[in-house]
Amino acid sequence: MFETNYDVVIIGAGPAGLAAAIEAKKVGTQKVLIVERDHALGGILQQCIHPGFGLHIFNEELTGPEYAYRFIGQIKPLGIDVLLNTMVLDIHSDDKRLYAVNRERGVCNIGYKSLVLAMGCRERTRGAIAIPGTRPAGIFTAGTAQRYINMQGYMVGREFVILGSGDIGMIMARRLTLEGAKVKAVVEIMPYLTGLTRNKVQCLDDFDIPLFLKHTITDIKGKNRVEKVTVAQVDDNLCPIKGTEWDIDCDTLLLSVGLIPENELSKKAQVKLDPITLGPIVKQRMETSIKNIYACGNVLHVNDLADNVTVESQIAGMYAGLNALGKEFKPRKVTECIPGEYIRYIVPQKLEVTEDRQDISLYFRVKEPARNVTLEISSKGETIARARRQKINPGEMEKMKIKADAIDKLGDELIVSVAEVKS
Amino acid sequence: MQKTFTCLICPVGCEITVTATGDTIERIEGHECKRGIPYVTDEFLNPKRILTTTVKADGAQFPVVSVRSDKPLPKNKIFDCMEVLKKTRIKAPITMGQVVVEDILDTGVNIIVTRC
Ligand SMILES: Cc1cc2nc3c(=O)[nH]c(=O)nc-3n(C[C@H](O)[C@H](O)[C@H](O)COP(=O)(O)OP(=O)(O)OC[C@H]3O[C@@H](n4cnc5c(N)ncnc54)[C@H](O)[C@@H]3O)c2cc1C
Ligand code: SF4
């Protein structure tokens, strides 16, 4: 069996893995390796040919491949090794080795001092949400259709209905329309948009594509190929209302019903997962519950902006690098981050108070949309930070900072909550 | 005539209604701050968008390669530009930023490659 050893190994070459690798190398480690199952670097960004990337960190509006290239271009000059077409199969966290397989070398046994999990996420499929009806051809997840059209140049249908108002679905609605297809409806079960408003305006409104909130698809009809879908309104418990159904003729149904962090490997490494994010539980240095293993990007929680992924992954890479160089951060205290009222989850889930004082960013999602609110971080009944927001939305991730000099005020718990709602 | 736009300048996302006769704007309503006014005026009179799509590529890794407009294009020219790009073919080797169509439909905008 092919054996090799590295200081830092990164699994996945999306924006998360690339940024982590670059930072790990920059802190002075000798040997950094990225293992990627695809034949090229860039992860999901390779197929995201639309603009909307980089506004926050480059102050420019880039497409996905252009954004990825800003990082890919640094990999070789920095002397970072890459194994492409290589799938990681297993992680043995006890002896700090992982097992991967590729065509040239067969099974590879790779040792690490620090490991960064950056495997991204996968799309929920139809099975995961169980629509009744026949099983004809012509049902795709939005991301699969995106890869076919944007990379293989293969058009997947003519008349579409899209289930789910997530960003990928809306972006595909525009893409399909530009390619001459007809998108007849975007159907969303929730009473609000689950993607970004900008995408509704520029992908749906621009092309007069109707959006049906509080609606779902109750049936798929068709023998060999999809022929029509049945759409119905839902009540407050998200149950279809009898008598509101109507049929839409179409040959293709796209599902944009959410993403799930890809954590099969994390489970094999015995990394503890958060039941809400479905990603690893991490501390502010992006270290998981298992020593020497770090996580960042969509494997940790589903991000709507690649820019946020980059920032978070730079932290993971930097500390994975420092850890490989033997630097330890002895915790004096651990603070649990507790989601308060209206908050669904917080990443990182735990903070360690150590001699290393840095500002800490908390990323979180709210449960419901609201206007004119104050967000608050508090601990031991004392306010640590406050921020006003004119609008909050479950589809748009929130971020708040704890200043380095406030870290000493933290107790065993901190609570993030929506403190005031003015209508 | 009345038309409603969602302002994208800030996260509030005001629904702003423009009342106009032809190209003459008579009333703008629904904006919570003054930054909404130039935004809807542009959106009403001369909306522009970045166009991203693919063109056929011979001898490259994939049958198509992704491209974009290097500046925003008038919205009403987007489908005409798509017609031009459907007929466009380029040959490998392909480089990032390479111009595929210069000054597309006399708009002063170039179409460039976005991958390497
Ligand atoms: C369709 C779509 C549209 C988006 N639009 C925008 C936008 O407009 N603006 C914006 O800022 N953000 C956007 N995003 C979000 C952003 O692209 C993602 O948040 C970001 O790409 C996540 O990066 P990542 O590195 O965590 O994951 P990915 O990019 O998914 O990378 C993970 C990589 O890990 C590899 N991998 C997984 N398992 C293994 C294994 N076992 N062995 C080896 N390799 C493995 C995968 O092959 C993949 O290359 C969009 C996302 C999607 C899906
Ligand atoms: S009008 Fe002003 S407040 Fe309203 S969305 Fe535009 S910038 Fe924001």
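Buried residues make up 57% of the 423 residues in chain A. Keep in mind that this is a predicted model.

Let's stay with chain A as a whole. It has eight helices and 29 strands. Its C-alpha atoms fill a box of roughly 65 × 60 × 40 Å along the principal axes. How does the radius of gyration of chain A fit a compact globule? For 423 residues, a compact globule would come out near 22 Å, and chain A has 22 Å, so the two agree.

Now the contacts. Take those in chain A with a separation of 6 or more: 63% of them join residues 24 or more positions apart. And the surface? Chain A exposes about 17,800 Å², and carbon and sulfur atoms supply 49% of that.

Next, ligand 1. It is surrounded by 33 residues. The closest are Ala16(A), Glu36(A), Ile44(A), Asn298(A) and Ala306(A). By class, the shell around ligand 1 holds 18 nonpolar, 11 polar and four charged residues.

Which elements supply that shell? In chain A, helix H1 (15-26), strand S4 (51-53), strand S7 (87-92) and helix H8 (306-324) each give at least two residues. H8(A) gives the most, with three.

Look at the oxygen atoms of ligand 1. One is 2.6 Å from an N or O atom in the Glu36(A) side chain. For the side chain of Arg37(A), the distance from a ligand oxygen to an N or O atom is 3.0 Å. How much of ligand 1 does the protein cover? On its own, ligand 1 has 1,000 Å² of accessible area, and the protein covers 94% of it.

On to ligand 2, and chain B. The residues around ligand 2 include Cys7(B), Cys10(B), Cys14(B) and Cys33(B). His31(B), Glu32(B) and Arg35(B) are also among them. Sorted by class, this shell has five nonpolar, three polar and two charged residues.

Stay in chain B for one more residue. Glu43(B) sits in helix H1 of chain B, residues 36-45. Is Glu43(B) buried or exposed? Its relative accessible area is 11%, and the cut-off for buried is under 20%, so Glu43(B) is buried. Leave aside its neighbours within four places in sequence, and Glu43(B) is in contact with Phe5(B) and Arg49(B).

Back to chain A, and helix H6, residues 197-204. Its buried residues are Thr197(A), Asn199(A), Val201(A), Cys203(A) and Leu204(A). What do they pack against? In chain A, the partners are helix H5 (167-178), strand S14 (182-187), strand S15 (211-212) and strand S27 (382-392). Strand S1 (2-6) of chain B joins them.

Last stop, Asp304(A). Find it in the loop between strand S21 (293-295) and H8 of chain A. Beyond its neighbours within four places in sequence, Asp304(A) is in contact with Asp167(A), Leu196(A), Arg365(A), Gly395(A), Glu396(A) and Met397(A). With one of these, Arg365(A), there is a polar contact between side chains, at 2.9 Å. Now try Val187(A), which is 117 residues from Asp304(A) along the chain. The C-alpha atoms of these two are separated by 20 Å.

To recap: the protein covers 94% of the accessible area of ligand 1, and buried H6(A) residues pack against elements of chain A and a strand of chain B. That's my tour.

Methods: Residues numbered from 1 in each chain as written. Chains lettered and ligands numbered in written order. Predicted model: local features only at pLDDT ≥ 70, side-chain atom pairs only at ≥ 80, totals over all residues. Heavy atoms only, no water. Near = heavy atom within 4 Å. Polar contact = N/O pair within 3.5 Å; in protein donor to acceptor, adjacent residues only side chain to side chain. Areas by Shrake-Rupley, 256 points an atom, 1.4 Å probe, with all protein chains shown as cover. Helix = DSSP H or I, 4+ residues; strand = E, 2+ residues; numbered from the N terminus. Nonpolar A, V, L, I, M, F, W, Y, C, P; charged D, E, K, R; others polar. Rg over C-alpha atoms; globule rule 2.2 N^0.38 Å. Buried < 20%, exposed > 50% of the residue type's maximum accessible area, 1.4 Å probe, protein only. Contact = heavy atoms within 4.5 Å.
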